[in-house]
Amino acid sequence: MEGTGFSIPINKVREIMHDLSQGKEIQHGYVGISLATCNPEWARRENSRLSIGKEPIPELTGALVHKVYPRTPAEKGGLVSGDVITAVDDTGVQSSDDARKLIDKATVGRVSGAV
């Protein structure tokens, strides 16, 4: 499946090892997006290189949605390439790594509003 990783960071394994050894199902947040870190300076630089007619990158700090995979919660929720995630569950996002960690920790099935 496109956009699905098959490696598990060792810190995550340590967190869930006990549950795995008991045969419990492990769930984690997933939305189906590819992200890049965004900040105002980077966005200005990239926007200066844009060809005419291209949508400019918002000059915000957060996680830029690079790609939205089909048939995923992100697509169903209306996220599109070029959106910038500035918070997840009211926690500020400064980078794509911040967003990934917060999404992974999110309660499966819980939906919160987008900014």
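This is a predicted model: local features need pLDDT of at least 70, side-chain atom pairs count only at pLDDT 80 or more; totals for chains, interfaces and linings use all residues.

Asp-90 is exposed, because its relative accessible area is 81% and the cut-off for exposed is over 50%. To find your bearings, look at what sits on either side: Asp-90 is in the loop between strand S4 (87–88) and strand S5 (91–92). Now check the backbone. Asp-90 isn't a glycine, yet its phi is positive, at about 65 degrees.

Next, select Arg-71. You'll land in the loop that runs between strand S2 (62–68) and helix H3 (73–77). What is phi here? For Arg-71 the angle is near 60 degrees, again a positive value in a residue other than glycine. Is the residue buried or exposed? Arg-71 counts as exposed, with 68% relative accessibility.

Now move along to Thr-72, which is also placed in the loop between S2 and H3. Thr-72 is buried, because its relative accessible area is 1% and buried means under 20%.

So who are the neighbours of Thr-72 once you skip those within four places in sequence? Show Tyr-30, Val-31 and Gly-32: Thr-72 is in contact with these residues. Zoom in on Val-31 for the last stop. Its backbone oxygen lies 3.3 Å from a polar atom of the Thr-72 side chain.

Conventions: Residues are numbered from 1 along each chain as its sequence is written. Side-chain values use heavy atoms; hydrogens and water are left out. Helices (H or I, at least four residues) and strands (E, at least two) are DSSP runs, numbered from the N terminus. Buried means under 20% relative accessible area, exposed over 50%, partly exposed in between (1.4 Å probe, protein chains only). A polar contact is a pair of N or O atoms within 3.5 Å; within protein, one must be able to donate a hydrogen and the other to accept it, and residues adjacent in sequence count only if both atoms are side-chain atoms. Contact means heavy atoms within 4.5 Å.
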